Amino acid sequence: MAMGSDDPDEVTSWISQRDGYHSRVVHGTGPYGFRLSRLSTRHAHVAWGRTRLANTIRGRFRSPTFHLPLEGRQEYSFGRSRLEASAGTLIFVPQGTETTRRSAGGTILAIEIDAGALSAEVHGRQVGSSVNWPLVPLALDLSQAQRHLVYEAIAELVGLLEPNTSPDLRTHADRRLISALASAVGSNSAASRPLPVAA
């Protein structure tokens, strides 16, 4: 599925039908240049979004969500805390979190994961130890191995877009993506804690 528009109000209306109410403020002049492509598996929704102009978006995340900026700078504010991310940083936002995202524009990859599937995978990796499931957004500075696993899992999913793809292959790719993301979010050494917003 793909969608494109230069009208921010049209984009907000379209996104709200799926994700619930949110607000969107565009910074700058000229065409907005919004483009979005999305694919879905049993437990995941993966989307590539791009805007030509900078924007500020506020909304509530209905599922555990990972953002991977491919270019440009992102800043996330929630409560009195904030996170900053540049290209290659993986942002994790827990289900139900209300967040303001300020984006310099460019391309960002968003991955929504079924909460039960992700939680089961994270807990399964920490059997016999205290599970510290993140309750606030985190910036995850991935190791080279973790980044490789995430990128490969995404690439595998994209490669299975053909309608005649075997359901077994889709299921494998779905599980592989969840495993890679659970490895990232479950690694305490990778977690960058949010900073307080300056008064």
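Author: Let's start with helix axes: an axis is a line fitted to C-alpha atoms, for helices over the stretch in contact, and angles run from 0 to 180 degrees between N-to-C directions. This is a predicted model, in which local features need pLDDT of at least 70, side-chain atom pairs count only at pLDDT 80 or more, and totals for chains, interfaces and linings use all residues. Residues are numbered from 1 along each chain as its sequence is written, and side-chain values use heavy atoms, with hydrogens and water left out.

Reader: At what angle do helix α3 and helix α4 pack?

Author: Helices are DSSP runs (H or I, at least four residues), numbered from the N terminus, as are strands (E, at least two). Here α3 (residues 144-158) and α4 (residues 167-185) pack at about 155°, and their axes are 9 Å apart. Angles over 145 degrees count as roughly antiparallel, so α3 and α4 are roughly antiparallel to each other.

Reader: Which residues of α3 and α4 meet?

Author: Contact means heavy atoms within 4.5 Å. Among those in α3 are Leu149, Val150 and Ile154, while the α4 side includes Ala173, Leu177 and Leu181. The residues of this contact divide into 10 nonpolar, three polar and four charged.

Reader: Is leucine 169 partly exposed or buried?

Author: Buried means under 20% relative accessible area, exposed over 50%, and partly exposed in between (1.4 Å probe, protein chains only). Leucine 169, placed in helix α4, is partly exposed, with a relative accessible area of 44%. Its C-alpha atom is separated by 9.1 Å from that of leucine 157, 12 residues apart along the chain.

Methods
Parallel < 35°, antiparallel > 145°, perpendicular 65-115°, else oblique. Nonpolar A, V, L, I, M, F, W, Y, C, P; charged D, E, K, R; others polar.
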